[in-house]
Amino acid sequence: MARVELEKVFKRYGSFETVHGIDLAIKDNEFVVLVGPSGCGKSTILRMIAGLEEISDGTMRIGDRVVNDIDPKSRNVAMVFQNYALYPHKNVFDNMGFSLKMAGLSRNEIKEKVEQAAKVLELTPYLDRKPAALSGGQRQRVAMGRAIVRDPDVFLFDEPLSNLDAQLRTQMRMELKKLHIKMKTTTIYVTHDQVEAMTLADRIVVIKDGTIHQVGTPIEVFEKPKTVFVAKFIGNPPTNIMAGQVAEQGGAKGILCENGMFLPFPHETALEIGRKVLAGIRPDAIAAEEAVNKFSPAWQYDVQVLFSEIVGGQSLLEFDINGTSMVAELDGRHKVDPGTTLKLGFDLDRLFVFDPETNLALDW
Amino acid sequence: MRTVSKDRILAGVTLLPSILLVGIFVYGFIGNTFWTSLTDWGGVGALSENPEKNYVGFYNYKDLFVGFLSSGFRQDLVNAIFYSVFLLIGAIGVGLFIAILLDNKPKAEGFFRTVFLYPMSLSFIVTGTIWRWLLAPSGGVNVLPTYVGAEPFNFRWLSSTQSILQFDWQNILSFAFNVISIVLIVIGLWLLGKRSKHAAKWLVAGIVIGILVYLFGDMLPKALIMEEKHGFNLATTGIILATIWQYSGYTMALYLAGFTGISQDLRDAAMLDGASTFNYYRHIAIPLIQPITISAIIILSHISLKMFDLIFAMTGPDNGQTGHPALNMYLTTFRANDFARGAAIAMLLFFLAALFIIPYLISSYRNKDERA
Ligand SMILES: Nc1ncnc2c1ncn2[C@@H]1O[C@H](COP(=O)(O)OP(=O)(O)OP(=O)(O)O)[C@@H](O)[C@H]1O
Ligand SMILES: [Mg+2]
């Protein structure tokens, strides 16, 4: 078990820079999830930690060691690949035991460790099978087994569940979490599935275009996004963002949006009148029907419904407010005809305010 | 149902021409050659309009193996076997080695690939001529050491008369049984290493045959009335070298294609599992592309069994030291007009090639069935 620290780490392919000097400190036993859109450099970062990719600049530490020039096999990290990368010609036992064999363990030791890991992962009946004769979920488990037999300092996962169907994914996700609670090994996990990120992570690292936008607990990232990108990327449907400026209306200070909507600030703020800002409101911070009455009339707005759909026990409502369309996620099932006028309540305690120039959250 | 049978008729009709052509021109002619090999067609009047052909059974075959005057053919056969074995080891070894070097992405990989593959595109006659010069007793390879101030080699690559690893053809039967016993034991040990259930069967069979031959080998009939030594003629090393030179590029291309097809993830996984580059190839890459090794063995072995033009170009058709059954067949048939005997040699070569190819076909069909 070990800490992992990245200090000003860069990755360049020739003159093309993909990772722009990131700083990240991962604590011992921590489960950290890297999320970001496709191509943002998540796999690259993971592969640099594994040593499969050289770092172009900066310092990387695992435990107390600087590992910049240490090759993968001496870093004592284990990685689970998106496509599992099982050895097709070896059976499950040999797949799991290969690293132990390379480490020079005796046959009996290998047998003992592999069988123990197989028991944990419920793979015992399949030890003689080749990967081709396993289901996706079983292969996934073998890939995990191959990682855990070695008892590594750090686990690296690169989208390990993305090839599984939704149900299996949920199940494997929970098993992963349980495994981490049991083994407590430092884990770095790459995904672009937010649910995985939110449920698994001790801390989430949101990455875009090779830079870190925010590092924080799932709740921090959800409720206090540091950039417009984080507000939009985390959460589904994404945060509604409106341009506007700070103004005073009826004695209250707030944001006057370009569409004429006025969002009063829930608390005192030093933001000066006239300052241009971006306002963000999460779809689940919007309520309908009786729930509206929880909010003061100033937080209630009349809107025109464009479209509604029911998703399980919740409803998504796309509506128009003075020519801007927004999305609300409502509790309960609401089937509303398009064109209906409706009163919605906005929970402005959860209002986000960003600077339109830098796209960074404002301190207000 | 009707459409199915109609399809079948159509398929049959479409296939008919090729079935007929292959039937006549491949299998029909093999049959005809076999029939010829069972006659005494040859000698005086062999080329007359209606040559005399009498059925003589397997006389020609028997004569090739135990006939008093056929020792030349027997040496050719031994040559062909050594030639195949060394070509396999050499071309696969060298090709594999170069493929591994290139697989590790050196600079100018494409250039080297072309360079190594280039010999493939030469005709055997050209290769043979080049190498005959290179291997001449006082030129080419032999003078290389003088460039660093050393004495020149004086090895006679193509004209040595030495022969090593000799055995007595008289005892060919017990020799064959010994070989079978050793092969069985080796397969058994190999299966044992892989912890296969079938290891014991092979081992027991091999050991039993070995003991029987050891105890009762003297009772086996002698093949000849007198001693007749055959072995590895050193003069064939030159030919083996030239063939390895020509075919290593080919095996390299086969292996390189195989290695390139292995996903980077697998290599990464092996590296993280602690495998060195050597262990990666030994435990992951080479076993993974075993089908390529098998194809290479099949292709090279039947090439070596049919080798004709290269030997012709390097030492001429009449050099006894470097003879080969294919050359012998040609000379017997078309120079000596001994058609029946030539046909018998052709059938033996056909049989030897089948020995390599049939197991391959069986195993590949079986794999296909397993996958289906
Ligand atoms: N060998 C390479 N040469 C040049 N650019 C590369 C190379 N490998 C990756 N890149 C670039 O680096 C960037 C980051 O790639 P990376 O694979 O880390 O993305 P990712 O975040 O894992 O995406 P995904 O979610 O699709 O897997 C991409 O823009 C990619 O094109
Ligand atoms: Mg990736």
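A residue is counted as buried when its relative accessible area is under 20%. In the predicted model described here, Ser248(B) has a relative accessibility of 6% and is therefore classed as buried. Ser248(B) forms part of helix H8 of chain B, which comprises residues 236–261. When residues up to four places away in sequence are set aside, Ser248(B) touches Ala91(B), Val94(B) and Gly95(B).

Chain B as a whole was examined next. Its secondary structure consists of 14 helices and 2 strands. Along the principal axes, the C-alpha atoms of chain B fill a box of roughly 85 × 70 × 50 Å. Of the 372 residues in chain B, 40% are buried. Among contacts in chain B with a separation of 6 or more, 71% join residues 24 or more positions apart.

Record annotations for chain B were then compared with the model. An unreviewed UniProt entry assigns the feature "domain: ABC transmembrane type-1" to residues 77–362 of chain B. In the model, this span is 67% helix and 4% strand, and its end C-alpha atoms lie 26 Å apart. The UniProt annotation "transmembrane region", likewise from an unreviewed entry, covers several stretches of chain B, including residues 114–134, 172–192, 199–217 and 237–263. Residues 114–134 of chain B are 71% helix and 0% strand, with 22 Å between the end C-alpha atoms.

Helix H6 (residues 172–193) and helix H7 (residues 199–216) of chain B pack at an angle of about 155 degrees, and their axes are 7 Å apart. Angles over 145 degrees count as roughly antiparallel, and H6(B) and H7(B) are therefore roughly antiparallel to each other. The crossing of H6(B) past H7(B) is left-handed. On the H6(B) side, the residues that meet H7(B) include Ser174(B), Phe177(B), Asn178(B), Leu184(B), Gly188(B) and Leu192(B). Their counterparts in H7(B) include Ala199(B), Trp202(B), Leu203(B), Gly206(B), Gly210(B) and Val213(B).

H4(A) and helix H5 (residues 166–183) of chain A pack at about 15 degrees, with 11 Å between their axes. Gly137(A), Gln140(A), Arg141(A), Met144(A) and Ile148(A) of H4(A) make this contact with Leu168(A), Met172(A), Glu175(A), Leu176(A), Leu179(A) and Met183(A) of H5(A). Angles under 35 degrees count as roughly parallel, and H4(A) and H5(A) therefore run roughly parallel to each other. H4(A) passes H5(A) in a right-handed crossing.

Helix H2 of chain A (residues 92–102) has 8 of its 11 residues buried, so it is largely enclosed by the rest of the structure. The buried residues of H2(A) are Val92(A), Asn95(A), Met96(A), Gly97(A), Phe98(A), Ser99(A), Leu100(A) and Met102(A). Both chains contribute to the cover over these residues: it includes helix H3 (107–120) and helix H4 (136–148) of chain A, together with helix H9 (264–272) and helix H10 (277–288) of chain B. At the start of H2(A), a side-chain oxygen of Asn91(A) comes to within 3.2 Å of the backbone nitrogen of Phe93(A). Just after H2(A), Gly104(A) adopts a positive phi of about 85 degrees.

Further backbone features were identified in loops of chain A. Ala85(A), in the loop between strand E6 (77–80) and H2 of chain A, has a phi near 50 degrees, a positive value in a residue other than glycine. Ala85(A) is buried, with a relative accessible area of 5%. Glu159(A) is likewise a residue other than glycine with a positive phi, here near 45 degrees. Glu159(A) is located in the loop between strand E7 (154–158) and H5 of chain A, and at 10% relative accessibility Glu159(A) counts as buried. The peptide bond from Asn236(A) to Pro237(A) is cis, with omega near 0 degrees. Pro237(A) lies in the loop between helix H8 (228–233) and strand E11 (240–249) of chain A.

Technical notes. Residues are numbered from 1 along each chain as its sequence is written. Chains are lettered from A and ligands numbered from 1 in the order in which they are written. This is a predicted model: local features need pLDDT of at least 70, side-chain atom pairs count only at pLDDT 80 or more; totals for chains, interfaces and linings use all residues. Side-chain values use heavy atoms; hydrogens and water are left out. UniProt positions are given in the numbering used here, feature names are shortened, and annotations may be inferred rather than shown by experiment. Buried means under 20% relative accessible area, exposed over 50%, partly exposed in between (1.4 Å probe, protein chains only). Contact means heavy atoms within 4.5 Å. A polar contact is a pair of N or O atoms within 3.5 Å; within protein, one must be able to donate a hydrogen and the other to accept it, and residues adjacent in sequence count only if both atoms are side-chain atoms. Axes are lines fitted to C-alpha atoms, for helices over the stretch in contact, and angles run from 0 to 180 degrees between N-to-C directions. Angles under 35 degrees count as roughly parallel, over 145 as roughly antiparallel, 65 to 115 as roughly perpendicular and the rest as oblique. A crossing is left-handed if the near helix is turned anticlockwise from the far one by less than a right angle, and right-handed if clockwise.
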